[in-house]
Protein chains: 4
Amino acid sequence: MIKAGIVGGTGYTGVELLRLLAGHPDVEIVAITSRSEQGKSVAAMFPNLRGHLDLNFSVPDIEQLKTCDVVFFATPNGTAMTMVPELLDAGVKVIDLAADFRLKDKDEWAKWYGMEHACPELLESAVYGLPEMNRVEIAAASLVANPGCYPTAVQLGLLPLLENNLIDSTNLIADAKSGVSGAGRGANVGTLLCETSESFKAYAVPGHRHQPEIVQGLKNMTENQVGLTFVPHLTPMIRGIHATLYGQLSETGRDLQMIYTQRYAQEQFVDVLPAGEHPETRSVRGTNTVRIAVHQPQGGNTVVVLSVIDNLVKGAAGQAVQNMNIMCGFDESAGLNNIAVMP
Amino acid sequence: MIKAGIVGGTGYTGVELLRLLAGHPDVEIVAITSRSEQGKSVAAMFPNLRGHLDLNFSVPDIEQLKTCDVVFFATPNGTAMTMVPELLDAGVKVIDLAADFRLKDKDEWAKWYGMEHACPELLESAVYGLPEMNRVEIAAASLVANPGCYPTAVQLGLLPLLENNLIDSTNLIADAKSGVSGAGRGANVGTLLCETSESFKAYAVPGHRHQPEIVQGLKNMTENQVGLTFVPHLTPMIRGIHATLYGQLSETGRDLQMIYTQRYAQEQFVDVLPAGEHPETRSVRGTNTVRIAVHQPQGGNTVVVLSVIDNLVKGAAGQAVQNMNIMCGFDESAGLNNIAVMP
Amino acid sequence: MIKAGIVGGTGYTGVELLRLLAGHPDVEIVAITSRSEQGKSVAAMFPNLRGHLDLNFSVPDIEQLKTCDVVFFATPNGTAMTMVPELLDAGVKVIDLAADFRLKDKDEWAKWYGMEHACPELLESAVYGLPEMNRVEIAAASLVANPGCYPTAVQLGLLPLLENNLIDSTNLIADAKSGVSGAGRGANVGTLLCETSESFKAYAVPGHRHQPEIVQGLKNMTENQVGLTFVPHLTPMIRGIHATLYGQLSETGRDLQMIYTQRYAQEQFVDVLPAGEHPETRSVRGTNTVRIAVHQPQGGNTVVVLSVIDNLVKGAAGQAVQNMNIMCGFDESAGLNNIAVMP
Amino acid sequence: MIKAGIVGGTGYTGVELLRLLAGHPDVEIVAITSRSEQGKSVAAMFPNLRGHLDLNFSVPDIEQLKTCDVVFFATPNGTAMTMVPELLDAGVKVIDLAADFRLKDKDEWAKWYGMEHACPELLESAVYGLPEMNRVEIAAASLVANPGCYPTAVQLGLLPLLENNLIDSTNLIADAKSGVSGAGRGANVGTLLCETSESFKAYAVPGHRHQPEIVQGLKNMTENQVGLTFVPHLTPMIRGIHATLYGQLSETGRDLQMIYTQRYAQEQFVDVLPAGEHPETRSVRGTNTVRIAVHQPQGGNTVVVLSVIDNLVKGAAGQAVQNMNIMCGFDESAGLNNIAVMP
């Protein structure tokens, strides 16, 4: 039984961490912090936890957090980097669900996140927490940068093609659709039910922070140059990301279905669908599973990959728990075995 | 480890039973039947089960079902009654999720369900599977009639008031709202997304089959006459029932909050909210929990009870598993411990 | 062609007024005010108006407003009362869509709205703008208090029963369900899509501001005492109110269907459905129509009335335009003839 | 005042035609046919039409249809082609909202629609009813093939780029998302609320009937070869299509914003958004407008076009009315002036 702390627990990523960790056989949650909700019962804010978790929000206290075995940051970007060095010095393992340690280049980070990085010296040693790429490094890591939601869906969708040099990596297109929970639990007009229900739109077409994160990841899969057009969209549902990925095959005649199936044969959270099928986001809702289908319409030169995740689970809290399991030597699926509720 | 069979597994109640039983520590599913889908993989129809359940639909075979310890019927009304006597004779425990054994009066049953009952002699011995009322009888039963979704929410909401003779039982109002999954997985124009989304309506105001079922149950809670106006509504969401219950208090000055809290103190699936709160259906989505709040607006004579369930869990498959647990001597919450996914 | 001004145009009531007035044959919109959005194009905020309305938000200017023939207030409660006296003195007709002039009793108003009334001397002369009750008074009025959304649906549903002394007016129940737009366009966590979609709940059961407004209106329909239990609910859709109304008939054998049909025979915005039917909120979406059905389940003593409106049209902006039409001598349906979009 | 008939009026395209024609100043609807609903009041099936249209469904009667000035077919594919020749011979103008006359090549048609064409000799003379491309031909036409919903959004989005030879036409990608009403009003499990709400998926990636229709249209815009990958998706809302279109610019430095603005300057139903904006489907709901934005992310070589329509209006019934207006010499926007309801 390890002790876990969560910094910043009032958002959607926070409640999802609580749900998963409350049911984890090897974890005791000892602290969940929130300045604004100090003293309030967690179950009063998130009634799904009534009867499952008896804990109050507390003010962040670095000394208390140092007594944890692992600390999760579910904070806005720019917060974790101010506390992480001290926790690492105290021997605490850290998993940051925000973007503070995702990019390796501090200038690139500063450009996209609008501030100077507080501890750029940690960027190199932080491990990018995509287990299907970096399992060995994660197992040895003290600091894991948990991937973004879109980057998880896109990278796992393209991985087999890039690793095998099957596509022109300079001209990739990722057309991604997200449920509204990806925008967080902040009080914004733009994410009201009346503004987002019964409508569909693209956003941030000129540039989105997940684009450089994805490109950095794709570059680790190939020796070639990488060019990516990334267009995110808002879709009227709570959870789920569907990435539709397009590339030009550099050689024909390869059995893409077999290549995908073999690449992920040992990955318990990646499910490659039978040929010709289309994954639905609801089939992974509340779970840590990625479902992927690969198509080559009319046998042509364009490959189309469909990749779906739950943005709050495999795209955030679930992947964080998976990373914790690897870092702590637990069964990789501990606490992550629930079945999606359908319908 | 007991052997369980499910007759009629292609509807929403069926897939929910599969989800719950696939994660149950003491149950092996040995048969799931469907004439129309014979031979098809369960996971091909319900992709949430991919990787969790390796089973194909089969044609109903009474000999195979006789080898089960327990058989669930998730069939249309009128099917279970044709097979149940033979299964009971073979010593199989039966839980019927349809309405075949819910009413004690065969003429009443015939009137509301439009056919003669095939085995009226079993109506008396069948136990109405509402554990919070009939736990002892359920433990000893061979045949359990699993309650309807609306009846579960309404009866548990009114139980403490009627047991304590606190309201005029001749003039009760149950204004109930259900998600669309309550109408089942049949191909009907009336439950298309385009017909039910972004709209709200009442239905069956002249008369609904759950009305006599509720009245029968309420009569078991009081020695007085029972009069009930029941109005169901369709609300644009997948899961959830919210019953708003109105009654006239026959005496004032009683601490209703305490009466509810005490009545359900030992019930792990009934959660009485603190005074002044309002339950949300999403807080019980995918779980077997009932959440109840009791109000007395402006200290007047009218009591208002709010009662929410997931119609497919506590209102169907979850309550069936709870009944099975009681019948088989398992922990009553085995397989029913998951936390609702929020948001 | 009259000149109209709108004070406070950035909420849902504001944009709905703009949509209706932009298509009105007899009205020119000369000012739409908003302190926060000053100078911004209306169409930039509400893209449905692109190409239909070329106007910018301006700071409220009392001198400019005095040049209008009619001024609408679509402001938060407590704003209109600070400007109305000066406008009336200048001969401007005023329609307040907020609650400032709805209650006749200033102490009652202060109790429910949490502030002292700024011009209580106007409360008596203000006309409550429910045309089906007060058409003659509206035609002669300078100041109209536009009814609340719930009060419109409830009062029109109960009117024929109370006018004819057919029910026990001391024990009325109004179980009302509203779409989320009723909560306005403010940035609140409680109305995010992720908080309100796929869920249903009651709110404000201990007391809601619309309760005294409804009671005041009902008292004008009968000489008897009035007692009302009012329970509002939030339903996961954008627009629409469904009021389910319950009462005990004081005499039996009356043809309720005929009474409703005759009462509303001349009302072009009230549609009484054929016997046995159930209105859907979507059938009135975007329109000024009320649809009503009256039921007497199983011929018993309880009458159940179903009443649906679009909360932003007949429950707000549409009724305001209807009132304007009456006050200005236009055809009562001018600008209000569009057909609901279905599906 | 012309006489119009509608064959096949019980689907979503049919009710939308009724809504638009009921408010059209120059049209009298004289017949609306449906074999299955013969004799039933149109308003009983579509309650939004109560009070606006007093008409019953009738059995299709070719003699009655010959007395019309214009006949709309809102039938399944393969029906119109059996009746159109006789109507044309009688001098009736015909607008087919199904696919019978969209493709010029009868073998291609037979391949995608699974039957032989009944009157292939009409394919050449039928005019493809996309007014922004073929206005002159439509004005002179007797038979108009109303475009499909996806084809309308995609073709209008790509038109300025192809007409000006600005992109590599051999490698176009159309990632399109549709509301569920695009699947029609048939009773199918796949379009139930419980199957489509809170989920997102692609479908028909191996091949969709709209692909050859789009390619045929694009070929008329350019002298170059055309290659198109078309991927449709189902999004959990009732109405709306959002097409996200990708192409590689063949020359840089051109002012794409100006090219789009100028191309559509005279088109009253095409609204090019200001640079940097993103259209929302809700802004065109219920209207005949297309909203388009053109982006060149980070100044690179890839152009991204966002194109939104209401699939039932500009993608079906609205465009049909626009075509009728052109064919009959009416104002092109007659009956099509309503403003989208927002929120």
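I'll start with an interface: 37 residues of chain D are in contact with 37 residues of chain A. Bear in mind that this is a predicted model. On the chain D side, the elements that give two or more residues are β7 (172-178), α8 (193-196), β8 (201-202), β9 (228-234), β10 (241-248) and β13 (302-309). By class, that side of chain D has 17 nonpolar, 13 polar and seven charged residues.

How are these two chains related? In general, two copies of a chain are related by a rotation about an axis and a shift along it. Here, a rotation of 180° with 0.0 Å of shift along the axis puts chain D on chain A, with an RMSD of 0.0 Å. That is the relation of a two-fold axis. If you want to find the axis on the screen, look for D:Pro236: its C-alpha is the one in chain D nearest the axis, at 3.1 Å. Both copies use the same surface, and 100% of the contact residues of chain D recur in chain A.

Chain A also touches chain C. That contact takes 15 residues from chain A and 15 residues from chain C. Helix α8 (residues 193-196) of chain A gives the largest share of chain A's side, three residues. The chain A residues there divide into eight nonpolar, five polar and two charged.

Now the single chain. Chain A has eleven helices and 13 strands. Its radius of gyration is 20 Å, close to the 20 Å from the globule rule for 343 residues, so chain A is as compact as a globular protein of that length. Along the principal axes, its C-alpha atoms fill a box of roughly 60 × 45 × 40 Å. Of the 343 residues in chain A, 57% are buried. Taking contacts in chain A with a separation of 6 or more, 70% are between residues 24 or more positions apart.

Last, one sheet, which I'll show in chain B. It is an open sheet of six strands with parallel pairing, in the order β2-β1-β3-β4-β6-β5. Which strands stand at the edges? They are β2 (27-33) and β5 (127-128) of chain B; each has a single partner strand, so one side of each is left without a neighbour in the sheet. Further in, β4 (residues 93-96) and β6 (residues 143-145) of chain B run parallel and are joined by three bridges. In that pair, B:Val94 stands opposite B:Leu143 of β6(B). Helix α4 (residues 80-89) of chain B packs on this sheet, touching β3 (70-73), β4 and β6 of chain B. The direction of helix α4 of chain B makes about 165° with that of β4(B).

Note on methods
Residues numbered from 1 in each chain as written. Chains lettered and ligands numbered in written order. Predicted model: local features only at pLDDT ≥ 70, side-chain atom pairs only at ≥ 80, totals over all residues. Helix = DSSP H or I, 4+ residues; strand = E, 2+ residues; numbered from the N terminus. Rg over C-alpha atoms; globule rule 2.2 N^0.38 Å. Buried ≥ 20, exposed ≤ 12 C-beta atoms within 10 Å, placed from the backbone. Contact = placed C-beta atoms within 7 Å. Nonpolar A, V, L, I, M, F, W, Y, C, P; charged D, E, K, R; others polar. Least-squares fit on C-alpha atoms with pLDDT ≥ 70 in both. Pairing = 2+ DSSP bridges. Axes fitted to C-alpha atoms, helices over the stretch in contact; angles between N-to-C directions.
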